[in-house]
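Colleague: Hi! Could you walk me through this one while I have it open on my screen?

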Amino acid sequence: MKFAFYPGCVARGAAPELYKSTMLVVDKLGIELEEIEKAACTGAGVLQEKNQKLGDVLNIRTLALAEEMGLSIMTICSTCQGVISQANHRVVNNPEYLEEINKELEKEGLHYSGKTEVKHLLWILLEDIGIKTLQDMFNIDLSGFNFAPFYGCYLIRPSDALGLTKNPERKHSLDIVIESTGASATDYAGKTKCCGFPILLINQKNSLKMVAKHTGDAKDEGADAMVTPCPLCHLNLDGYQAKARRQNKRGKADLPILHLPQLIGMAMGLDPKELGINKHLVSTAAFIKSIKTKVA
Amino acid sequence: MEAQIKVKRFNPENESESFYQDYSLDVAEDSTILDGLIKIREEIDGTLALRCSCRASICGSCSMKVNGSAKLVCKTRIKEVSPNGELVTVEPMGNFPVIKDLVTDMDLFWSKVKSVDPYVKTNFEPEAEHIASNESMTHLLGVMNCIMCGACVSECTALEVDPTFTGPAALAKAYRFVADPRDEEKKSRLGKLNENSGVWDCTRCLACVEVCPKDVAPMERIVKMRDLAIEEGYTNTSGFRHTESFNDSIKKHGRLDETRLALESTGLLNISGLIDLAVIGIKSLFKGKIPPPLPHKPKEADKVTSIAKRLDSQEKEE
């Protein structure tokens, strides 16, 4: 199984442990990746505010590069996935617009037919690997643990661009994957809400209220850790949890935030440190200890 | 067919806390959730309070949470959300105070709509009907579809943490007048919307776009107003600096320069903000995460930067 890989800026920048754990896990999963080295940033919706066409050209260019490679794309970031899916949805449903974009791409000798599939690793686990096969690769039973899913807005909305009607399992994909490890998926209101990251540098007070609410609520519902397929959510939920919980009187920063491949890697029996679980700003020492006790 | 409907009940006169009540009833195959709720009220439990009027998704009275997200219950068939007879949970809208059961208090909603001056403002007194050409108004058809049902407000993730935020419905209404060719107060409107609790407080979470029963897409109107405010010269916001730095980064490198984005959005004169960033930076260093001094560039980055420059100048010409 081979995919064109779109790691996204954060996995290559502020969250190197996401990149590393992804590589360890795809190797075990038997997924071969070929990075789309010429791909630009998706614009994350911010670039699109100023110039949607520029955002669309850059994302359709990424899809065209994958088409040239003859591969579907794998992403590891909810925001990247959502923004590329939205651009794809706009051109696939508007052939005239696709033609307009292709005119820009032709200057570079590229062309997009509208057929490249783009999938988050989370969906690949469900749809290409299959939960049963995935479970066969697990060496550690995580039953007794409680993990709170945190999807990231752009992996849940808008449902039409993300194909959620055609693939309804995607709406619950993270819950399904968490439960496949034997752990329970924490039920709490915040799992499909905003982490606050997009307004962190604009209205920090509101942004941190979101962090405090979601991490505090998940903890109250018994979560041992939170799992997210979005490194941008991770930056806020992990990086700012201490300040957010303190500022909003929701106790101490005590909820480790894991990247999706870190959860999968743990269930496969990979060393938590190899997966970079000790690289998070919220202390994971007690959590790693409890995992090690479980293995022993 | 049989329907199982679970309703969140609350009566401030008798109870201090809300509770859920289950109803089973026989309904027609094509019944809407509203049909079901009315049947409950008329035949099973006369104490159930709900609000509805036109029953044809025009009046906007019957927005409620169905299985966790806001919908017009007159537009939603039971079969649609419960194809195999699954339990359907109906709750009052979120982000609104509850008066009783499924009836919410809309006062704050209307006062926010009023706060954006939802009428055309001109510098003269029109002598007759102030007509605009059809062509100049077609771009507003989508936003004029709003029926003020409140579904977007119910799901707004920014309002959930900050009740002072103007919110998606009132901001979509503001856009309807900002972009009206007859309105002569565009600049002052945008100036006000550029302040705290205005367009920059939206998280772009898309919840409003997802639940709107009339495809008004409030978030898209909000981000459009950010761009219009910048065009009008309102640039003293961290929102502006954030967008600008993001665009520059892609134009220069083809990818995001996270370090620069954080510094520039915060503002180089914002000392407490910079200290805050430094704390996170130092904590990351201790964890062995060293922020890259230069952004990770794509191969042949010049191709990306030339597209960005070309389309940027195209947009400016338009």
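Colleague: What should I know about the model before we start?

Modeller: This is a predicted model, in which local features need pLDDT of at least 70, side-chain atom pairs count only at pLDDT 80 or more, and totals for chains, interfaces and linings use all residues. Residues are numbered from 1 along each chain as its sequence is written, with chains lettered from A and ligands numbered from 1 in the order in which they are written.

Colleague: Great. How many helices and strands are in chain A?

Modeller: Chain A has 13 helices and eight strands. Those are DSSP runs numbered from the N terminus, with helices being H or I of at least four residues and strands E of at least two. Its radius of gyration is 19 Å, close to the 19 Å that the globule rule gives for 296 residues, so chain A is as compact as a globular protein of that length. That radius is taken over C-alpha atoms, and the rule is 2.2 Å times the number of residues to the power 0.38.

Colleague: And what box do the C-alpha atoms of chain A fill?

Modeller: Roughly 55 × 45 × 30 Å, along the principal axes. Of the 296 residues in chain A, 60% count as buried. Buried here needs 20 or more other C-beta atoms within 10 Å of a residue's own, exposed is 12 or fewer, partly exposed is in between, and C-beta atoms are placed from the backbone.

Colleague: What about chain B, then?

Modeller: Chain B has 15 helices and seven strands, and its C-alpha atoms fill a box of roughly 70 × 65 × 40 Å along the principal axes. Buried residues make up 40% of its 318 residues.

Colleague: How much of the contact in each chain joins residues at least 24 apart?

Modeller: Among contacts between residues at least 6 apart in sequence, it is 79% in chain A; for chain B, 65% of the contacts with a separation of 6 or more are between residues 24 or more positions apart. Two residues are in contact if their C-beta atoms, placed from the backbone, lie within 7 Å.

Colleague: How many residues does each chain put into the A–B contact?

Modeller: Chain A gives 42 residues and chain B gives 49. On the chain A side, the elements that give two or more residues are α2 (46-50), α3 (52-69) and α9 (204-220). That side divides into 20 nonpolar, nine polar and 13 charged residues. For those classes, Ala, Val, Leu, Ile, Met, Phe, Trp, Tyr, Cys and Pro are nonpolar, Asp, Glu, Lys and Arg are charged, and the others, Gly among them, are polar.

Colleague: Switching to packing: at what angle do α6 and α8 of chain A cross?

Modeller: The axes of α6(A) (residues 121-129) and α8(A) (residues 173-180) come within 10 Å and cross at roughly 65°. That makes α6(A) roughly perpendicular to α8(A). Axes are lines fitted to C-alpha atoms, for helices over the stretch in contact, and angles run from 0 to 180 degrees between N-to-C directions. Under 35 degrees counts as roughly parallel, over 145 as roughly antiparallel, 65 to 115 as roughly perpendicular and the rest as oblique.

Colleague: Which residues of α6(A) and α8(A) meet?

Modeller: A:L122, A:W123, A:L125 and A:L126 in α6(A) meet A:S173, A:L174, A:I176 and A:V177 in α8(A). By class, this contact of α6(A) with α8(A) has seven nonpolar, one polar and no charged residues.

Colleague: Is A:V177 buried or exposed?

Modeller: A:V177 counts as buried because there are 26 C-beta neighbours inside 10 Å. A:V177 and A:L125 are 52 residues apart in sequence and 7.9 Å apart in space, C-alpha to C-alpha.

Colleague: Nice. Why is α12(A) called largely enclosed?

Modeller: Eight of the nine residues of α12(A) (residues 260-268) are buried, so the helix is largely enclosed by the rest of the structure. Among them are A:L260, A:L263 and A:M266. After α12(A) comes A:G269, with a positive phi near 95°.

Colleague: Last one: how do α13 and α14 of chain B pack?

Modeller: α13(B) (residues 258-266) and α14(B) (residues 271-286) pack at an angle of about 155°, with their axes 9 Å apart. That makes α13(B) roughly antiparallel to α14(B). The contact is made by B:A262, B:L263 and B:T266 of α13(B) and B:G273, B:L274 and B:L277 of α14(B).
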